[in-house]
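I opened this notebook to keep track of what I looked up, one entry at a time. The structure comes first, and my entries follow.

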Amino acid sequence: TLNIDKTCYMTFPPEEADSIALSINGVNISKVKSCKYLGVVIDEDLKWTEHIQTVYQKLVRYTSIFYKLRHKIPQTVLTNIYFAFVHPHILYGIEIYANTCPTFLEKLIRLNNKLLRTLQNKPLRHPLSELYCQYNTMPINMLHQYQLMLLVHKCQHHVEKMPDVFRNYFELNSSIHTHNTRTKNNIHLFRPKTTFGQRCLKYRASNFWNDLPAECKEESCTNTFKSKLKDYLLA
């Protein structure tokens with residue numbers, strides 16, 4: 001059954017549908033500016049600022065806790081704590097919410113840096129690259145690229161394991177034309193007319209994939225691809 005009291009709707013873009021009124025069995029459905037769906041907060045402008053703020057509020061409470069624990073617990077345990085309580089919140093939905101303006105992500109990036117610095121008991125001027133290297137992870141913007149590349153890799157080499165909606169999500173240039181060009185094995189890029197279109201997941205993922213070295217794109221083993229991809233991004 002459908003719980004009407006918990007049902008709402010949004011319009012994209014919001015200013016073009018102010019006259020729409022929806023109802024179910026005579027009960028009006030409320031129009032909202034944002035809602036949580038499968039753990040991701042979707043806003044009507046698709047800026048993902050509200051989801052970023054939600055993740056920020058979840059993680060900021062650990063600042064004082066980590067500060068008190070850093071001298072009482074071995075570093076191996078602190079590493080496990082980070083990957084149990086911080087990393088999953090950052091990683092969940094990062095393919096979507098990190099696909100926004102860099103300024104919107106800045107506060108979450110700074111908080112993640114602070115948590116890593118606190119857990120590792122490092123001074124403020126300690127290089128950020130060493131903080132991430134110590135925990136064998138990557139900054140949020142790099143994790144975003146990493147996860148997008150894994151999505152494309154699955155669609156290219158293990159499409160049978162993907163949902164039907166992703167079966168033909170990325171098309172190669174060779175399937176569009178028969179010309180023997182150097183880019184025939186690249187993913188075909190559609191041409192967005194706005195900066196908003198350039199932030200589309202499909203466009204950004206295709207761009208990232210086309211820039212990868214050939215040895216990465218041709219690697220079918222997922223674990224080997226992850227290793228090569230991580231080395232490429234960190235380099």
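**Entry on Asn121.** I looked up Asn121 in this predicted model and found that Asn121 is partly exposed, with a relative accessible area of 38%. I placed Asn121 in the loop between H6 and helix H7 (128–134). I then checked the backbone and noted that phi of Asn121 is near 55 degrees, a positive value in a residue other than glycine.

**Entry on Trp48.** I turned to Trp48, where phi is near 65 degrees, again a positive value in a residue that is not glycine. Is Trp48 buried or exposed? I found a relative accessible area of 11% for Trp48, which means that Trp48 is buried, the cut-off being under 20%. Trp48 has its place in the loop between strand E6 (40–43) and helix H1 (49–60).

**Entry on Lys114.** I went on to helix H6 (residues 102–120), where Lys114 is found. Lys114 is partly exposed, and I wrote down a relative accessible area of 43%. I also asked how many Å apart Lys114 and Lys230 are in space, C-alpha to C-alpha. The answer is 23 Å, for two residues that are 116 residues apart in sequence.

**Entry on Leu69.** I looked up Leu69 and found that Leu69 lies in helix H2 (residues 62–69) and is partly exposed, with a relative accessible area of 25%. When I left aside the neighbours within four places in sequence, I found Leu69 in contact with Leu78 and Ile81. I also looked at Leu69 and Leu119, which are 50 residues apart along the chain and have their C-alpha atoms separated by 8.0 Å.

Next I looked at nonpolar side chains, which in soluble globular proteins tend to be buried together. The largest nonpolar core here has 50 residues, and the members that touch the most other members are Leu59, Ile90, Tyr97, Ile140, Met149 and Phe225. Which helix gives the most to this core? I found that helix H8 (residues 140–157) does, with 10 residues.

**Entry on H8.** I stayed with H8 and noted that 13 of its 18 residues are buried, so H8 is largely enclosed by the rest of the structure. From the first C-alpha of H8 to the last I read a reach of 26 Å, close to the 26 Å expected at 1.5 Å a residue.

**Entry on the whole chain.** I then stepped back to the chain, which has 12 helices and 6 strands, and whose C-alpha trace spans about 60 × 60 × 35 Å along its principal axes. Buried residues make up 38% of the 235 residues, while the accessible surface comes to about 14,500 Å², of which 53% belongs to carbon and sulfur atoms. For contacts between residues at least 6 apart in sequence, I noted that 53% join residues at least 24 apart.

Notes
Residues numbered from 1 in each chain as written. Predicted model: local features only at pLDDT ≥ 70, side-chain atom pairs only at ≥ 80, totals over all residues. Heavy atoms only, no water. Core = buried A, V, L, I, M, F, W, Y, C linked by side-chain atoms within 4.5 Å. Buried < 20%, exposed > 50% of the residue type's maximum accessible area, 1.4 Å probe, protein only. Helix = DSSP H or I, 4+ residues; strand = E, 2+ residues; numbered from the N terminus. Contact = heavy atoms within 4.5 Å. Areas by Shrake-Rupley, 256 points an atom, 1.4 Å probe, with all protein chains shown as cover. Expected span 1.5 Å × (residues − 1).
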